[in-house]
Amino acid sequence: MFRNANLAADLEPDEPQEDKWQALSDENKSKVRVLLVEDVESDALLTQRALEKTQIPFSLSNIKYGTKVLSLLNISQRVCPAECPDLILLDLGLPDMDGFEVLSEMSRMSATIRSIPIVVLTSHKQFEYIRHSYPLYMMAYINKPCAVPEIKTILSQVRRWKQHDGKWH
């Protein structure tokens with residue numbers, strides 16, 4: 001089961017497979033796996049551009065619905081916890097359920113899921129509104145559109161955390 005269908009074809013018959021797998025593993029370890037939960041395409045694109053401008057290696061997946069995120073995380077925690085995202089960027093205004101509900105459901109999941117840093121993306125500037133996210137395992141919040149310095153700081157911290165096997169230093 002390959003995430004990249006061309007991965008098996010990339011392995012040369014004369015090339016030692018262990019070296020190829022080690023190189024792929026090292027490359028993936030250096031990238032921050034970001035799960036963006038955003039239903040507005042223009043906001044998703046602006047966030048992607050901000051991530052790209054940080055020049056920190058990342059991979060990005062975008063899901064538009066809270067229920068799909070919860071299903072993905074439920075499957076990941078049971079089947080392959082190592083494939084869970086390193087960072088979740090969560091919009092509060094989703095079409096099927098709001099971000100507070102997503103955070104609440106995630107807070108009842110395994111310790112693996114609860115340890116994923118979550119940054120709330122919001123256009124709300126009222127602290128009272130955002131304050132409700134903190135008890136639900138939110139790490140921080142960023143006002144939309146994402147500013148490059150803010151997102152760079154967060155990506156740097158998550159990358160450092162990932163390189164230390166999930167331990168904050």
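Two residues are in contact when they have heavy atoms within 4.5 Å of each other. Keep in mind that this is a predicted model.

Start by selecting Val 102. Leaving aside residues up to four places away in sequence, Val 102 touches Gly 66, Leu 70, Leu 90, Leu 94 and Met 97.

Now widen the selection. Val 102 is among the residues with the most contacts inside the largest nonpolar core, which has 22 residues. Leu 73, Ile 88 and Met 106 are also among those residues. Colour β1 (32-37), α4 (66-79), β3 (87-91), α5 and β4 (118-122): each of them supplies at least two residues of this core. The largest share, 4 residues, comes from α5.

Next, follow the chain to Met 109, in the loop between α5 (99-106) and α6 (111-114). Is Met 109 buried or exposed? Met 109 has a relative accessible area of 8%, so it is buried. Its contacts, not counting residues up to four places away in sequence, are Leu 70, Leu 73, Asn 74, Gln 77 and Arg 114. Try the distance tool: the C-alpha atoms of Met 109 and Leu 70 are 9.4 Å apart, although 39 residues separate the two along the chain.

Finally, show helices α3 (residues 41-53) and α8 (residues 148-163). Their axes lie 9 Å apart and meet at an angle of about 65°, which means α3 is roughly perpendicular to α8. Ala 50, Leu 51 and Lys 53 of α3 make the contact with Val 148, Ile 151 and Leu 155 of α8. By type, these residues are 5 nonpolar, no polar and 1 charged.

Conventions:
Residues numbered from 1 in each chain as written. Predicted model: local features only at pLDDT ≥ 70, side-chain atom pairs only at ≥ 80, totals over all residues. Heavy atoms only, no water. Buried < 20%, exposed > 50% of the residue type's maximum accessible area, 1.4 Å probe, protein only. Axes fitted to C-alpha atoms, helices over the stretch in contact; angles between N-to-C directions. Parallel < 35°, antiparallel > 145°, perpendicular 65-115°, else oblique. Nonpolar A, V, L, I, M, F, W, Y, C, P; charged D, E, K, R; others polar. Core = buried A, V, L, I, M, F, W, Y, C linked by side-chain atoms within 4.5 Å.
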